[in-house]
Amino acid sequence: MATIRIAAPDTASKGEVIELKALIQHPMETGYRRDSKGEEVKRNIIKQFVCTYDGETVFEAEFYPGIAANPILTFYTKATKSGPIEFRWTDEFGESWAQTHELTVK
């Protein structure tokens, strides 16, 4: 189970640009490292991140072995209407983690 931390405003004015931050604790093991016995540590990385706002994709990223462990993303979107903002990560094995934040637009 991954730990997720989200930073997003609870309210915003219509048309306001809001900052969204998303962090997931994940080892992002590249598969290039060897353990203390000299055996290769199996690759285990998150492959994709998608953020949707009221069902519409506002940010999407693909990750590769070069990204650090516990990746944090900061991006912006414009507040247009009240609705859920969903942050979703999917790893290379198809496992997925998500967290939703409700935004109220005044």
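## Surroundings of Asp91

Leaving aside neighbours within four places in sequence, Asp91 is in contact with Asn44, Ile45, Ile46, Lys47 and Trp97. The model examined here is predicted. Within it, Asp91 belongs to strand E7, which covers residues 83-91.

Is Asp91 buried or exposed? Asp91 is buried, yet it has no salt bridge. The nearest side chain of opposite charge is that of Lys47, 10 Å away. A salt bridge requires a side-chain nitrogen of Lys or Arg within 4 Å of a carboxyl oxygen of Asp or Glu.

The side chain of Asp91 does have a polar atom that lies 3.0 Å from the backbone nitrogen of Gly94.

## Aromatic pairs

A pair of aromatic rings is described by the distance of the centres and the angle of the planes. The count of aromatic pairs in this model comes to 4. One of the pairs is formed by Phe49 and Trp89, with 5.1 Å from centre to centre and 55° between the planes, and this pair is tilted. Phe49 lies in strand E4 (residues 46-53) and Trp89 in strand E7, so their pair ties together parts that are 40 residues apart in sequence.

Phe49 counts as buried because its relative accessibility is 0%. Trp89 also has a relative accessibility of 0% and therefore counts as buried.

## The ring cluster

Which residues do ring pairs link into a cluster? The cluster consists of Phe49, Phe59, Phe75 and Trp89.

Notes. Residues are numbered from 1 along each chain as its sequence is written. This is a predicted model: local features need pLDDT of at least 70, side-chain atom pairs count only at pLDDT 80 or more; totals for chains, interfaces and linings use all residues. Side-chain values use heavy atoms; hydrogens and water are left out. Helices (H or I, at least four residues) and strands (E, at least two) are DSSP runs, numbered from the N terminus. Buried means under 20% relative accessible area, exposed over 50%, partly exposed in between (1.4 Å probe, protein chains only). Lys and Arg count as positive and Asp and Glu as negative; His and the chain ends are not counted. A polar contact is a pair of N or O atoms within 3.5 Å; within protein, one must be able to donate a hydrogen and the other to accept it, and residues adjacent in sequence count only if both atoms are side-chain atoms. Contact means heavy atoms within 4.5 Å. Rings of Phe, Tyr and Trp (its six-membered ring) pair if their centres lie within 6.5 Å; planes under 30 degrees apart count as stacked, over 60 as edge-to-face and the rest as tilted.
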